[in-house]
There are 2 protein chains.
Amino acid sequence: MAKGKKDLDLSTEEKIMEAARKVFTEKGYAAARTRDIAEESGINLALLNYYFRSKEKLFELVMLERVNKLFGAIIPILNEESSSLEEKIEGIAGSYIDLLTEHPDLPIFVLSEIRNRPEKFAALVNARDRVTKSVFMKQLIERKLSVSPFHILINLLGMTVFPFVGKPVLSKLIGKEAEFDELMKQRKELIPMWIKMMLN
Amino acid sequence: MAKGKKDLDLSTEEKIMEAARKVFTEKGYAAARTRDIAEESGINLALLNYYFRSKEKLFELVMLERVNKLFGAIIPILNEESSSLEEKIEGIAGSYIDLLTEHPDLPIFVLSEIRNRPEKFAALVNARDRVTKSVFMKQLIERKLSVSPFHILINLLGMTVFPFVGKPVLSKLIGKEAEFDELMKQRKELIPMWIKMMLN
DNA sequence: TATTTTATTAATCATTCGATTAAATATTTT
DNA sequence: AAAATATTTAATCGAATGATTAATAAAATA
């Protein structure tokens with residue numbers, strides 16, 4: 001049979017995925033209703049199950065996308081062979097701030113879903129070796145710091161990611177949305193500077 | 001008798017609150033079932049509504065407790081009149097790490113519930129003036145830094161709070177629970193040191 | 001064109017869930 | 001002790017929700 005998915009199929013499937021991304025990300029798995037997703041995508045409720053079998057299966061696809069997006073922005077940089085430690089730090093801060101400025105709710109979505117159902121999603125982010133044995137960690141160890149290299153990694157991620165995790169609260173303190181974004185833009189250069197200070 | 005653990009002399013009301021704290025914090029509002037809370041506290045389901053009117057009302061009490069705990073650990077320090085900027089930085093890092101080592105899921109719980117229903121809880125954390133007009137911010141401004149004082153506040157909170165927000169992922173990288181706690185303990189002294197470096 | 005497969009819809013099923021009710025039991029007040 | 005009030009339970013209600021079904025429309029295939 002012609003197993004090539006037709007344009008219309010793809011379109012419907014993609015409309016559902018698009019709506020699922022939005023609704024799941026806004027409300028979280030438990031509060032999201034399949035009817036919300038159906039309405040948001042302008043399709044019949046039964047079509048959601050026709051194409052994706054269940055709410056759970058649909059969510060797994062969205063979650064996988066999100067996790068890959070979140071970790072795909074850092075893992076490759078950690079493992080670059082040719083770049084220096086300083087270049088990696090600049091790369092991580094820069095690419096993460098660009099990514100999260102566009103998708104501010106990415107980290108809180110992933111982290112809160114993992115917390116709500118750790119048995120289901122913990123394995124998804126088990127990138128232990130790809131981090132602990134990365135070129136980045138090796139380069140950190142070479143510097144013979146007086147503290148664990150994990151501190152540096154935590155600081156880099158904390159200073160970069162935390163403002164977006166705490167955005168619902170922080171943006172109230174800071175004021176306008178534009179000011180928040182301007183601060184984040186500044187941090188692309190500031191964070192590498194601060195981290196480098198910690199390496200001495 | 002159900003799996004209620006400590007059936008101590010707690011009043012029925014307090015038994016329900018205790019179970020509500022646990023279930024809401026573990027699963028979030030939307031995924032928490034009033035029947036879970038009833039079973040966890042070893043009481044009849046109807047008693048929950050008898051004492052607290054509704055799931056929503058019960059949750060509001062738990063949420064208020066959590067928010068006060070989370071922000072109560074920092075707001076008073078920000079507004080101390082007698083302590084120096086350096087002392088405040090040490091106080092915040094120290095008291096927050098102590099608090100979050102005991103209650104690691106506090107920040108992710110509060111932040112994700114705010115994100116899921118911002119219209120309901122955003123007002124709860126609107127401490128704008130208490131932060132922006134705090135003694136801490138005044139002291140930062142006096143230092144005539146080359147960057148916005150918000151950067152320093154974000155860095156302090158990011159380095160302190162982020163490891164706990166990301167704990168479900170980070171603890172896998174780091175290894176045993178004890179090692180994570182040991183790193184956090186070290187950070188009580190390290191974070192103030194790093195932040196002070198940023199003040200020059 | 002005729003037939004088979006794929007896509008879509010309206011209706012509805014089965015469960016779950018928050019909440020209520022009415023009756024029973026315990027506690028306090030008079 | 002009697003009456004009044006407060007607490008607790010079992011049963012159940014109604015709405016919401018994920019999922020399915022049976023019928024129809026559209027597209028693909030032969």
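A:Ala123 lies in the loop that joins helix H8 (118-121) to H9 of chain A, helices being DSSP runs of H or I with at least four residues, numbered from the N terminus. The model is predicted, so local features need pLDDT of at least 70 and side-chain atom pairs count only at pLDDT 80 or more, whereas totals for chains, interfaces and linings use all residues. Residues are numbered from 1 along each chain as its sequence is written, chains are lettered from A in the order in which they are written, and side-chain values use heavy atoms, without hydrogens and water. A:Ala123 is exposed, with a relative accessible area of 62% (exposed, over 50%; buried, under 20%; partly exposed in between; 1.4 Å probe, protein chains only).

Contacts of A:Phe24 (heavy atoms within 4.5 Å) include A:Tyr29, A:Ile37, A:Leu58 and A:Phe109, with residues up to four places away in sequence not counted.

Chain A and chain B each contribute 52 residues to their contact. The area buried between them is about 4,600 Å², with 73% from carbon and sulfur atoms; buried area is the accessible area (1.4 Å probe) lost by two parts on being put together, summed over both. On the side of chain A that touches chain B, helices H1 (7-31) and H7 (106-116) are among those supplying at least two residues each, and H11(A) gives the largest share, eleven residues.
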